[in-house]
Structure formats: structure tokens, C-alpha cells
Amino acid sequence: MGVLLTKAAQWTTASSGTGKLEFTPMNEFLLKGILCFVEQFNFQHPQEAEHVFEEPLQWITTLVASDFKTDYDISGDVQSQEKDSEGHSLLQLSPPTVCVRSFSQLCKLVHLAGDKKLEEVRACLEENRDPLVKILGPFFANIMERGTVHTQDQAKDSEVKVRLFHLLQNMDKQLLANLLEEISEWLDPTSVKNEVELLKQFCTEGEKKVLKTVRYTSDYEFSNGCRAPLWRQLHGEICYLIIEPYDSEDFYITCSNAGVFLNGVGEQSGYDRTSDVYKDLVTLLKSRSPHFAENINNQVQWNIDRFTVINKKHPYRCPLLLQVVKSTLICSLLFSKDPARAMQVETFSESSSESEEEDEQLERRPENNIDLPAEYWQIQKLVKYLKGGDQTATVLTLCAMMDLNLMQETCQLAIRDVGGLEVLINLLDTDEVKCKIGSLKILRKISNNVQICRTTVEMGGLRCIVKILDSPVKELKALAAETIANIARFRRARRTVRQYDGIKKLVKLLDCVPNLTRLTADQEKDVDVARCGALALWSCSKSTKNKEAIRKAGGIPLLGRLLKSPHENMLIPVVGTLQECASEVSYRIAIQTEGMIKDLVKNLSSDNDELQMHCASAIFKCAEDQETRDLVRKYRGLQPLVLLLGKAENKQLLAAATGAIWKCSISMENVAKLQEYKALEILVGLLSDQPEEVLVNVVGALGEFAQIPANRATIRKYGGIKPLVNLLTGTNQALLVNVTKAVGACATDKDNMAFIDSLDGVRLVWSLLKNPSTDVQSSAAWALCPCIENAKDAGEMVRSLVGGLELIVNLLKSTNNEVLASICAAITKIAKDKENLAVLTDHGVVPLLARLTNTSDDRLRYNLAGAIGHCCMWGSNRVSFGDTGAVAPLVHYLKSKDSAVHKSTAMALYQLSKDPNNCITMHEKGVVKILKCNGQESHIHSHQWLNKYC
Amino acid sequence: MSAMSRKLVQTLAETISKQVEHFNKTEVECLIREFKVLLGEPGMGRAVNGLDRVKFRSILHNIFGMTDDMILDGVFRTFDKDNDSFVSMKEWIEGLSVFLRGTLDEKIKYCFHVYDLNNDNYISRDEMFHMLKNSLIRQPTEEDPDEGIKDLVEITLKKMDHDHDGRLSLADFEKAVREENLLLEAFGTCLPDMAVIINERFMRNMVTYISRSEGLNLTFYFPFFSEY
């Protein structure tokens with residue numbers, strides 16, 4: 001109890017005399033154990049229970065006098081009837097403090113406390129930090145704390161006291177044992193032990209010693225394998241180490257189940273943590289000792305041997321040793337593909353069932369464990385030869401390396417980790433062509449691993465490779481470009497290529513004659529170099545600045561020339577690059593003016609899916625432009641695009657093809673042509689069960705198709721309305737923009753509208769006004785206009801949407817002009833219903849509209865004037881518009897260059913002019929003069945009111 | 001040069017160019033002239049049959065920067081087809097035809113022959129060891145300093161010995177080289193190297209050479225120049 005409580009239990013702030021016991025599972029466990037011991041004490045040890053404590057245990061209790069029953073004198077302070085030899089009560093309660101002087105009273109008290117008994121025990125222990133001293137006196141307490149018993153001294157004290165002492169000691173041990181049992185499930189000293197053994201070997205064996213000494217602070221090992229004192233084990237600590245490295249002060253290390261860390265022993269500040277927690281010793285040492293970090297890799301091979309040997313010696317220990325090796329050295333090599341498992345090992349927290357499972361796995365594939373390290377050994381040896389070989393030996397070694405499975409991650413990382421990558425990169429800087437070829441042949445393959453790519457860039461390898469692009473040897477150039485294609489998969493690499501002038505060099509590689517029917521061997525090599533160059537540019541073109549650099553280096557015409565190649569393996573990187581770059585407007589123009597559309601269209605009919613996809617994707621990006629769309633039609637590209645819709649199983653291809661159709665269908669001539677190939681029918685069929693990137697395009701295309709009245713009915717006929725309305729519930733913003741647009745376009749057909757309304761489509765569109773994206777908001781608002789216009793009982797429909805009008809009015813506070821314009825347009829439609837206009841007015845539409853009048857955006861002006869004109873029709877709104885200063889700016893709209901704005905403004909002014917004050921304002925602003933200047937027919941209304949009021 | 005000898009040279013060139021691949025008559029003519037220059041002035045006494053080993057070595061060393069004596073011996077042996085310890089004019093031209101302009105097939109045979117030190121049509125373990133013995137830095141710490149070389153020989157055998165008889169036949173060698181061209185000069189440089197050809201010393205040689213013989217086809221010693 002004493003040991004446990006003072007050392008094991010988790011106290012909040014140990015500094016103050018009356019710390020609290022934390023509410024942790026472990027404390028709970030201890031308290032319950034102690035409670036259980038106390039509860040049964042009277043019954044099990046009646047004699048010892050009588051023993052009177054040296055000093056009373058005293059604490060603030062929650063019990064009150066009424067809780068005490070018979071055996072207690074409850075007049076005034078509660079006193080137990082049981083008294084000691086001197087007549088003092090063994091229990092005394094002077095609320096809220098209680099004093100207890102024997103176990104029998106303690107026992108009774110906890111029984112009386114009922115469900116508060118745990119709190120009582122907690123309070124008692126919190127306030128009596130040395131219960132043993134109080135119960136037995138300082139002498140016994142000391143003995144117990146030291147854990148040894150001097151039987152000679154017992155004579156001094158009563159026999160009972162000794163027995164009580166033993167009882168308490170046993171309870172203490174029992175509790176600890178129980179706790180340890182619980183803890184041992186998550187405390188695994190074996191892993192640490194094995195790692196320490198491995199480290200100890202590093203002090204004596206291997207090419208170069210990496211550490212001076214590794215030793216435990218304590219030679220005594222507990223039965224559970226831990227060396228930390230029991231009470232520290234309860235904190236998850238396993239053992240303490242002193243490691244003497246070559247290059248710094250000794251490390252004082254605590255190994256715990258949470259990891260390893262430096263403790264304060266070296267600085268005389270106890271066992272507190274003074275460093276980060278590392279997952280294992282090797283990691284800690286690597287970060288703390290440069291010498292260790294430098295030389296540990298040389299030990300990898302040795303370690304593998306060791307691992308194999310141990311493996312053979314102790315088949316049953318295998319999983320644990322494997323864990324050690326995993327968590328230490330080759331973890332990153334062997335098991336990096338399975339970080340989840342590595343993680344488990346790191347925290348030593350694998351549950352027993354899992355380790356059994358691993359046992360089985362290991363037994364099932366024993367060969368693997370021996371095979372893999374053999375490969376490392378092989379790689380390390382080869383790298384050694386690379387380092388120490390002349391040209392002949394180097395080339396032989398490189399050839400041998402090519403025979404390894406270089407696409408396998410373990411091999412790739414092994415090459416890096418034994419220093420092979422560095423050697424390969426160094427070889428690129430030599431004059432030996434054959435060595436460079438061999439090195440690149442390996443780099444080309446291992447660079448399919450992103451980690452290798454990053455390391456290569458960090459080591460400056462990419463710079464060397466870019467330099468090789470200038471080599472006169474074609475094979476070298478091709479290999480270098482191919483390797484760049486692999487490495488330039490992340491931004492930093494792409495930037496490096498650009499910074500070392502790589503883009504210019506790569507573009508230069510493209511210069512060849514690709515489409516001769518008969519090529520000499522030499523020209524064939526040129527074509528291959530160009531192909532590799534295109535591959536590299538394709539990778540690089542994912543950065544915007546590189547796109548620009550390719551263009552500046554004159555890459556576009558060269559790509560255009562290669563586009564005429566008959567070979568797929570050339571066309572794919574070329575079209576890939578083009579479609580990647582087509583995100584830039586300069587490329588889109590160039591693709592059109594350099595006549596590439598024709599070739600792109602031609603390759604739409606290739607029988608290679610990937611090529612078709614890139615072509616369609618390029619057209620998708622370029623067909624925003626009117627002329628490009630016309631060219632696609634001119635070169636008969638629409639039919640192959642529709643044919644591609646048949647390849648519905650290839651989603652990337654489908655997305656590109658539907659995208660191209662969408663953009664092409666912006667031209668109505670194209671829509672007509674597409675209709676000849678039954679495109680609409682197929683597109684409607686693609687409305688369900690497709691990934692979002694396909695749906696966005698399909699719906700986009702339907703939106704364009706629906707601009708033609710006949711197609712709106714066709715969409716309904718093929719059952720397209722329902723899936724479209726269903727898509728309104730989605731979350732993809734690009735999709736929602738297109739869906740609302742398509743639904744809006746469909747709603748211009750009265751029959752469609754009825755159907756949409758029956759599907760609750762208007763409510764769905766309306767609720768999209770709440771979408772955070774301004775694009776979706778405006779698109780939804782635009783779609784509402786035809787819905788309201790064509791609905792049978794529009795006013796009622798709008799009213800039925802609870803909170804809908806308030807939502808609309810509130811969007812007038814948006815800062816986005818497109819949203820404002822669309823909302824104004826919607827208000828124009830809504831305000832046609834008087835009742836709804838009244839509601840809009842109540843929500844304060846007038847001042848909000850008036851506030852917007854100072855805009856110079858003609859699109860907004862047009863819709864705003866319309867909305868103002870219609871909102872005048874209710875109550876005193878005309879006057880309110882005048883009061884809020886909306887009239888003067890409106891007059892100014894008449895100076896706009898857009899005649900549509902004039903028209904709607906004139907309408908609005910006409911409505912406003914029905915209030916005489918507004919007329920005066922208009923007159924002051926010179927409305928007559930402006931109107932007479934314009935003098936157009938569209939202002940017929942204006943003239944009417946001018947005549948009437950002025 | 002007298003008109004008489006010029007006539008002789010032309011006739012000779014015509015004959016040889018019919019027998020040797022890759023060189024046209026003019027080129028052969030130049031080579032004949034050059035051979036005479038290389039041979040030096042005829043000795044005071046008996047006529048010289050051709051280039052002896054020492055002279056041959058020094059020519060290859062000077063022009064192509066080849067330095068490995070063992071390999072040069074192999075090259076000499078390969079050039080010297082009739083095995084008379086002299087490379088005659090015809091042997092020289094025939095040898096150069098492969099050396100400078102050979103197809104892959106020809107080069108494979110040529111290299112194999114160079115590496116087949118004892119002429120028994122096989123490259124044995126011992127021969128490989130012999131050729132590679134200076135190719136690795138020996139680490140004094142190792143118990144057996146030759147261990148690395150031996151291992152390298154085994155690695156090479158594993159890669160190239162397709163019929164698993166512990167030695168390389170021409171067929172083994174050919175197959176391996178076709179799979180990986182880098183293995184053509186597996187056991188030492190025995191063909192002119194791009195980098196060396198471009199190197200300054202050689203260019204200087206060429207300049208003096210060109211100055212001596214007009215009308216020489218410049219691509220003559222530049223077998224790789226077509227790659228530029």
C-alpha cells in the first residue's frame with residue numbers, strides 16, 4: 001500500500017502536501033484493490049483489525065452523523081463505542097473531518113459509506129500520504145519501503161503489529177502483481193532487449209564500430225524481463241540505458257512502451273524526459289550522434305546476416321526478432337509498404353492475437369525472410385564494386401545490377417540506403433559514356449519510386465541528368481530524357497529541370513523527321529530521342545511555368561510536327577503534353593493556328609484508348625474557342641467523339657470524350673451535327689452510374705443541347721429529366737453549376753417544367769442558393785427564372801417554399817456581380833406575383849436594390865433595372881426607391897452602350913416616374929436630353945411618360 | 001612519292017578494297033599510305049613485314065589512347081591473323097575495318113577474340129580473372145584481396161554463361177551482348193572510344209595526318225561522327 005501509493009499511483013501535483021489522485025484507470029484499479037482489502041479485513045483478519053494505529057487516519061468525509069447507526073454514539077460528535085485501552089474512541093467524526101484509528105473501524109466505515117465508499121478511500125489516501133507511518137509507526141514503514149525485513153527487531157513490537165505488517169506487505173505485492181499482469185499486455189520488454197543486444201554487437205563487430213559501450217543501469221532483471229523498478233514499470237518504463245557514443249557525452253536513455261527518450265539522470269535531474277520520444281534506439285542515436293548515423297548503414301549488411309543467423313537459431317523467437325530488425329534498421333527497407341504494421345511494432349503495442357497471426361504468416365513463408373536479406377547483401381556488394389571499380393568493372397557491375405528486380409521497392413530503397421544512388425549519380429559526372437549509359441539504365445527504372453526521385457533531386461542528380469541532354473551520344477540523350485520523365489513528377493523536380501535550362505534542351509530533342517516512311521538507323525535513333533524528349537516534357541508540363549518555358553523554347557511547332565507521326569508511342573507523350581498545356585490560352589491559340597486540330601481529330605480514331613483520351617481531352621480544353629469548335633466539325637471530329645461514348649467502361653476516356661462533346665456543343669451547328677449521330681440519346685443514357693467527372697461533362701453538354709427547343713422534348717422523351725433533378729442533390733460544385741443550367745434550360749419547355757415541378761425540382765434548385773459557391777448560387781438563380789416563368793401556378797409554388805423569398809432577398813447582400821445579376825433576374829420574375837412582391841418588400845428588397853444602383857456592370861444594370869421596375873408595383877415602393885436615391889444612378893444607365901440596359905432602364909424609370917418627386921429628380925439629371933439623344937424606338941414607353949409628366 | 005609507287009598503291013588499293021568491308025578504294029589508298037608512314041622508313045637492312053607488337057601497341061596507344069597492355073596484346077593477336085607476330089598492311093586494313101566501322105556482329109567476334117587469350121575459343125574463368133585483376137581497388141583489410149575479382153568473375157559468368165558450362169563460348173558472348181550492348185567490351189576497352197577520339201591529342205594527330213594526305217575522307221577515323 002505504501003509503496004504503491006507513494007510511487008505507483010498517479011498524483012496530480014506531487015509538490016503540494018495534499019495532491020489529488022488523478023482519475024486514471026490505473027488509480028481506479030489500485031483504489032478498488034485497496035477498498036476490497038479494507039472491506040474484507042474484519043472478516044478475514046479479526047485479530048489484526050483490532051490493532052490500534054499509531055496515529056489516526058484523518059480526512060474530510062462526505063459522511064454525516066446520520067449515516068452512523070448502532071455502535072456509535074451520535075450525540076454531538078459521532079464517536080464509536082469501540083474504544084482503545086485508554087478509553088479513546090477509535091472513530092471520531094467532527095464534520096467534516098473524520099479520525100479513524102483501527103482497521104475494524106475503517107472497515108465499518110466503508111460499509112456504512114455505501115456507494116460513496118470509493119470516494120472515501122480516495123479522500124483518505126489523498127489526505128494521508130503516509131498511511132503506513134500512521135498505522136505502524138515510522139520504523140515499520142521504513143522497513144517496508146526498503147522491502148526487507150529484519151526479524152530480530154520484531155521482538156520489540158507486538159506480534160499483531162508484525163502480522164499486520166505482513167498483511168499489508170502482501171496486499172501491496174498482490175496489487176502490484178495484478179497491475180503488472182494487466183500492464184504486461186501492453187509492455188513488451190523483449191523488443192527493447194533485442195534491440196539492445198543488437199546495439200551491443202555494434203560496439204564490437206562490423207566494419208567500423210559505431211558505439212563505445214551500451215549498458216543497462218541495473219543488472220537485475222525482473223521476471224517479466226523489465227529492469228526498471230516495479231513502480232516505474234507501472235509508468236510503462238522498461239529499462240534504463242547508458243550509451244557511450246564516439247562523438248558526444250554519454251546518453252542516459254529511458255526505454256518505455258511509448259518509445260525511447262533521454263532522461264535527466266546525466267544532468268542530475270532525475271528520470272524526467274529531456275528529449276523527444278523516439279520510436280526506437282537506433283532512431284534516437286541517429287538523430288543524436290552523427291557518427292552513429294554515418295556508420296550505421298555500413299552495418300546493415302552485418303545486421304542482416306545476424307538476423308538470418310538468429311532466425312535459424314531460434315525459429316520460435318523469429319517474430320520478435322523480426323520486429324526488432326523491423327523497428328531498427330531495415331524497417332524502412334523491408335516493410336515500408338506496410339506502415340500500419342511498422343507502427344504497431346514501434347509502439348510495442350501489438351496485441352497477442354496479432355502476433356500469433358504474424359507467427360503463422362512467418363511460418364508460412366520462411367523462405368522470404370531469408371531471401372530478402374540476400375538481395376540486400378547482393379546490392380551492397382555490387383555498390384562496393386561500383387565504388388572501387390575501374391570502367392570495365394563498373395560496367396560489368398552495372399549490368400549485373402540491371403538483372404535485379406529494379407521495379408521492386410525493396411531493391412530500390414536498398415540501392416539508396418547502401419549508398420548506391422550516390423554512386424550512380426557520381427557516374428553521371430564522369431566522361432565514361434558506357435558508365436553513364438549503365439547508370440541511367442538503372443536510374444530510369446528505380447526512379448519509378450517517388451522516394452528515389454526525391455533523393456535524386458536532393459543529391460543534385462537531376463542537374464547531372466539535365467546536363468547529359470547536351471551529350472552527342474543519342475542513346476545517352478534518350479535515356480536521360482526518359483529518366484527526367486520519371487523524376488519530374490513533383491514540383492521541385494520540375495522546377496530544377498527548368499532552372500538548369502532543361503526545358504530548352506528537351507525541346508531541342510524534339511527536332512527530328514518523324515513521318516518519313518523509310519528511316520535510316522540514324523534517323524530512327526533521332527525519333528526515339530524525340531519520343532523520350534516528349535515524355536520528359538509531358539512530365540514537366542504539369543507546372544505552369546514550364547508550359548511557358550516550352551512555348552518560349554519553340555516547342556509548340558516541334559510538337560505539332562511530331563503530331564504527324566504514325567507511331568502511338570510517339571503520339572501519346574506528344575498529345576499528352578499538348579493537352580496538359582492546353583490549359584494555357586497561348587497554347588489553345590497555337591493548337592488552332594498551327595493546324596493541330598486536324599491531327600488531334602485524326603487520332604480520335606486511333607485504336608489506342610490512351611491516345612484517344614488525350615486527343616479528346618485536348619479538344620475538350622481547346623473547344624472553348626469558337627473557331628476551334630468549327631474546325632472540329634470541319635475535320636469530321638464529331639462522329640468519332642460520339643463513337644467514343646460507346647467505350648463507357650473506360651471512365652477517363654469517357655470523361656474526356658464527354659468533355660469534348662460538351663465544349664463542341666456550345667456551337668449550335670455542332671449540336672445539329674451531333675444529333676445526326678444520336679448523341680443526345682447516348683448522353684441521356686450516361687446520366688446515371690457514372691463518376692462525377694463524367695457527369696459534369698454529360699450534364700454540361702445536355703445544358704447546351706437544351707438551348708434548342710426540340711431537344712428539350714427529346715431529353716424528356718429519353719427520360720433525362722428525372723436523373724437531372726436527382727443530381728440537384730449532389731455536392732460537387734462544378735456538377736451543380738452544370739445541372740442547374742441544364743435544368744433551367746429544360747424548364748423553358750412547359751411540359752418539362754410541369755415534370756420538374758412534380759419531382760420537387762424547383763425546391764431543390766432553390767435550396768442550392770444556400771450553396772457556399774457563388775457559381776452555384778448564380779447558376780441556381782438563373783435556373784429559377786425559367787422555372788418561375790413557366791410554372792403553372794408560379795406564385796403559389798414560390799410561396800410554398802418556406803423562407804425562400806427571404807433567402808433570395810438576403811443574397812442581394814452578396815459581393816459577386818454574377819450572383820447579384822442572377823438574383824435580380826429572379827426577383828424580376830417573382831415580383832410579377834403581387835402577393836410575393838409584398839413579401840419581398842417586407843423583407844426589405846427596396847433598399848437592398850437601391851444600394852446596388854451604383855454599379856457599372858451592364859449585365860447587373862440590366863437585371864437590376866428590371867427588378868426595380870417590377871418592384872415599383874407594390875405599395876409605396878416607388879417613393880421608397882426615390883428616398884433611397886435609386887433614381888439618379890438609373891438615369892445614368894441610359895448612357896450605357898448596351899441597348900438592352902437602355903430598354904430595361906427605361907421601363908424602370910417609367911414605373912418610377914409615377915411618383916412626382918422621382919420625376920423631378922430625373923429631370924434634374926437631364927433625362928430628357930439623354931433620351932432625345934438616344935431617340936430609339938425601344939424607349940417608346942419613356943416617351944409616353946415623358947409626355948405625360950414633364 | 002613517285003608516279004610509279006602511286007600507281008602501285010592504286011592497284012593495291014583496288015584489290016584490297018574488294019576484299020575488305022566498309023572502306024572504299026580512296027579510303028584504302030589513304031590507309032595504305034598511312035601504313036607506310038606508320039611503318040617508318042624501311043630499315044637499312046632487311047625489309048620489314050609489318051608492324052611488330054611494340055610498334056602496334058604504341059600506335060594504338062598514341063592514336064586511340066588504349067593503355068591496357070594485356071588488352072593491346074589481344075588486339076594485336078586479333079589483327080595478326082596469320083600469327084606471324086607482324087601486322088601486315090592487309091591485316092592492318094582488315095583490322096581497322098572492324099575496329100572503326102564494324103557492325104555489331106563483327107565487333108562481337110572481334111572482342112571475343114581479343115578476350116580469348118589462349119585462342120581456344122572459350123573465355124575461361126582464369127582468363128576473365130586475368131583480364132579483370134586490376135579492375136577493382138583492393139582493400140587491404142580484406143583477407144583475400146582477390147575475393148572481389150573472383151566474385152566479379154562469378155557475377156559475370158552468371159550473367160553471360162547461358163549454357164552453364166563455366167566458360168563463355170562465342171554463342172554465350174553473342175547472346176549476352178545482344179541482350180545488353182554494354183557487355184560488348186565486358187573485359188576491357190578494345191575498341192576506340194568516342195571520348196578518346198574527340199580528345200585533343202588525337203585531333204592533333206589527325207591534323208598532321210590530313211596535312212600529309214590530301215583528299216582523305218574525314219569521317220575516316222570518326223566512326224561515330226555520323227551520330228553528331
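**View 1. Helices H29(A) and H32(A) are roughly parallel to each other.** In this predicted model, H29 (residues 521-540) of chain A packs on H32 (residues 568-581) of chain A at an angle of about 30°. Their axes lie 8 Å apart. Axes are lines fitted to C-alpha atoms, for helices over the stretch in contact, and angles run from 0 to 180 degrees between N-to-C directions. Angles under 35 degrees count as roughly parallel, over 145 as roughly antiparallel, 65 to 115 as roughly perpendicular and the rest as oblique. Helices (H or I, at least four residues) and strands (E, at least two) are DSSP runs, numbered from the N terminus. The crossing of H29(A) and H32(A) is left-handed (the near helix is turned anticlockwise from the far one by less than a right angle; clockwise would be right-handed). Contact residues (heavy atoms within 4.5 Å) include Val527(A), Leu535(A) and Trp538(A) of H29(A), and Met570(A), Ile572(A) and Glu580(A) of H32(A). By class, the contact has 10 nonpolar, 3 polar and 2 charged residues.

**View 2. Helices H47(A) and H50(A) pack at about 20°.** H47 spans residues 774-790 of chain A, and H50 spans residues 817-830 of chain A. Their axes are 8 Å apart. The angle makes H47(A) roughly parallel to H50(A). Their crossing is left-handed. Among the contact residues are Ala781(A), Trp782(A) and Ile788(A) of H47(A), with Ile823(A), Ala826(A) and Lys829(A) of H50(A). The contact of H47(A) with H50(A) comprises 10 nonpolar, 4 polar and 3 charged residues.

**View 3. Chain B meets chain A.** Chain B gives 27 residues to the contact, and chain A gives 28. About 2300 Å² is buried between the chains, 57% of it from carbon and sulfur atoms. Buried area is the accessible area (1.4 Å probe) that two parts lose on being put together, summed over both. The interface holds 4 salt bridges (a side-chain nitrogen of Lys or Arg within 4 Å of a carboxyl oxygen of Asp or Glu). One salt bridge joins Glu185(B) to Lys434(A), with the closest N and O atoms 2.8 Å apart.

**View 4. Glu39(A) forms a salt bridge with Lys117(A).** The closest N and O atoms are 2.7 Å apart. The pair links distant parts of the chain, 78 residues apart. Glu39(A) is in helix H2 (residues 25-39) of chain A, and Lys117(A) is in helix H6 (residues 117-127) of chain A. The whole structure has 44 salt bridges over all chains.

**Notes.** Residues are numbered from 1 along each chain as its sequence is written, and chains are lettered from A and ligands numbered from 1 in the order in which they are written. Local features need pLDDT of at least 70, side-chain atom pairs count only at pLDDT 80 or more, totals for chains, interfaces and linings use all residues, and side-chain values use heavy atoms, with hydrogens and water left out.

Conventions:
Nonpolar A, V, L, I, M, F, W, Y, C, P; charged D, E, K, R; others polar.
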